[in-house]
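Please look over the sequence and the three-dimensional model below before reading on. The paragraphs after it are meant to be read with the structure open beside them.

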Amino acid sequence: MKFKRLKLSGFKSFVEPTELRIERGLTGVVGPNGCGKSNLLEAIRWVMGEGSPKSLRGGGMEDVIFAGTQARPPRDFAEVSLLVDRDAQEAGEDQAGEMEVTRRIERGAGSAYRMNGRDVRAKDVSLLFADAATGAHSPALVSQGKIGAVIAAKPQQRRQLLEEAAGISGLHARRKDAEQK
Ligand code: ATP
Ligand code: MG
C-alpha cells in the first residue's frame, strides 16, 4: 500500500483546506517548532482510525477540531482524507487501484468514515489498514518521544514491539485463538 495524498480541513492547526502530495521515496517535513509537523502525522493516524485522544495529545476526540485563535473563529468539524494505492497482489485484481479514506468529526456528533465517498464502519477502515500491515498503532509510525519509551521499556514490552514490527503478533493472536478451541 502506498500513500499518495493527504487532505486536511479544520484538523488541529490546519484550519484551511490543505492538500499534500506524497511522492514515491522518502518524504521529509521540515519547519519551525509548532508549525504543525506532528499534527500531520497525527492526521494520518487519525484517518486510519486512532481511537485514543490522548495519543493525539488531546483530552477528548473533539480536540482535533481547530479550536480557534484570536484572529480566527473555531471550526465545527474536522475532516482528513488519505488517498492510498494498492496493487493487485495485495488487494486482488478487482480491488486494486486508488482508494480514498475519509474521516470526519463534528462537534457533538462523533466520527464518521467514508471509502471512495461511501459511508463505511470504523471496522472497515481498520481492516483495510490491518491487511496492509499498517494502521494507527503500527510500529512504522514513530511519534515524538517514542524512541525514549522504547529505550525505557521493560524487556517484555520491547519484545512485543519487535514482534509487532516483524508482523508476527497477528500469528500469536491466531494461535491463542486456535488453542482455545
Ligand atoms: P515541534 O517542532 O516543536 O515538534 P511541530 O511542527 O511538530 O513542532 P505541532 O505539535 O504539530 O508542531 O503543532 C503544534 C501547534 O498546533 C500548536 O501551535 C498548537 O496550538 C496547534 N494546535 C494543536 N491542536 C490545535 C487545535 N485543535 N486548534 C488549533 N490549533 C491547534
Ligand atoms: Mg513535533
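What follows goes from the sheet to the helices and the core, and then to individual loop residues and the ligand.

This is a predicted model, in which local features need pLDDT of at least 70 and side-chain atom pairs count only at pLDDT 80 or more, while totals for chains, interfaces and linings use all residues. Residues are numbered from 1 along each chain as its sequence is written, and chains are lettered from A and ligands numbered from 1 in the order in which they are written.

Six strands form an open sheet in the order S2-S1-S3-S4-S5-S6, with antiparallel pairing; helices (H or I, at least four residues) and strands (E, at least two) are DSSP runs, numbered from the N terminus, and two strands pair if DSSP finds at least two bridges between them. Strand S2 (18–21) and S6 each have a single partner strand and stand at the edges, so one side of each is left without a neighbour in the sheet. From one strand to the next the twist averages 20°, where axes are lines fitted to C-alpha atoms, for helices over the stretch in contact, and angles run from 0 to 180 degrees between N-to-C directions.

S5 is joined in turn to strand S6 (residues 118–120) by three bridges, the two strands running antiparallel, and Arg114 stands opposite Asp119 in S6.

Two helices can now be placed against these strands. H1 lies across S1, S3 and S4 and runs at about 75° to S3, whereas H3 lies across S4, S5 and S6 and runs at about 55° to S5. Contact, here and below, is a matter of C-beta atoms, placed from the backbone, lying within 7 Å of each other.

Which residues have the most contacts inside the largest nonpolar core? That core has 24 residues, and the residues in question are Phe11, Ala43, Val47, Val64, Ala78 and Val80. Strand S1 (2–9), H1, S3, S4 and helix H3 (122–131) each supply at least two residues of this core. A nonpolar core is a set of buried Ala, Val, Leu, Ile, Met, Phe, Trp, Tyr and Cys residues joined through C-beta atoms within 7 Å; a residue is buried if 20 or more other C-beta atoms lie within 10 Å of its own, exposed if 12 or fewer, and partly exposed in between. In soluble globular proteins, nonpolar side chains tend to be buried together. Residues up to four places away in sequence aside, Ala78 touches Gly10, Phe11, Val64, Ile65, Phe66 and Ile105.

The loops show contrasting surroundings. Lys12 is in the loop between S1 and S2 and, although it is not a glycine, has a positive phi of about 50°; with 23 C-beta neighbours inside 10 Å, Lys12 counts as buried. Asn116, in the loop between S5 and S6, is also not a glycine and has a positive phi of about 45°, but Asn116 counts as exposed because its C-beta neighbours inside 10 Å number 12.

Arg107, in the loop between S4 and S5, is likewise exposed, with 12 other C-beta atoms within 10 Å. Leaving aside neighbours within four places in sequence, Arg107 is in contact with Glu62, Ile65 and Asp76. Lys54, in the loop between helix H1 (37–47) and strand S3 (77–86), counts as exposed with 9 C-beta neighbours inside 10 Å.

Finally, the shell around ligand 1 holds 15 residues, of which Asn33, Lys37, Ser38, Asn39 and Ala67 come nearest; a residue is near a molecule if its C-beta atom, placed from the backbone, lies within 6 Å of it. The shell divides into four nonpolar, eight polar and three charged residues, where Ala, Val, Leu, Ile, Met, Phe, Trp, Tyr, Cys and Pro count as nonpolar, Asp, Glu, Lys and Arg as charged, and the others, Gly among them, as polar.
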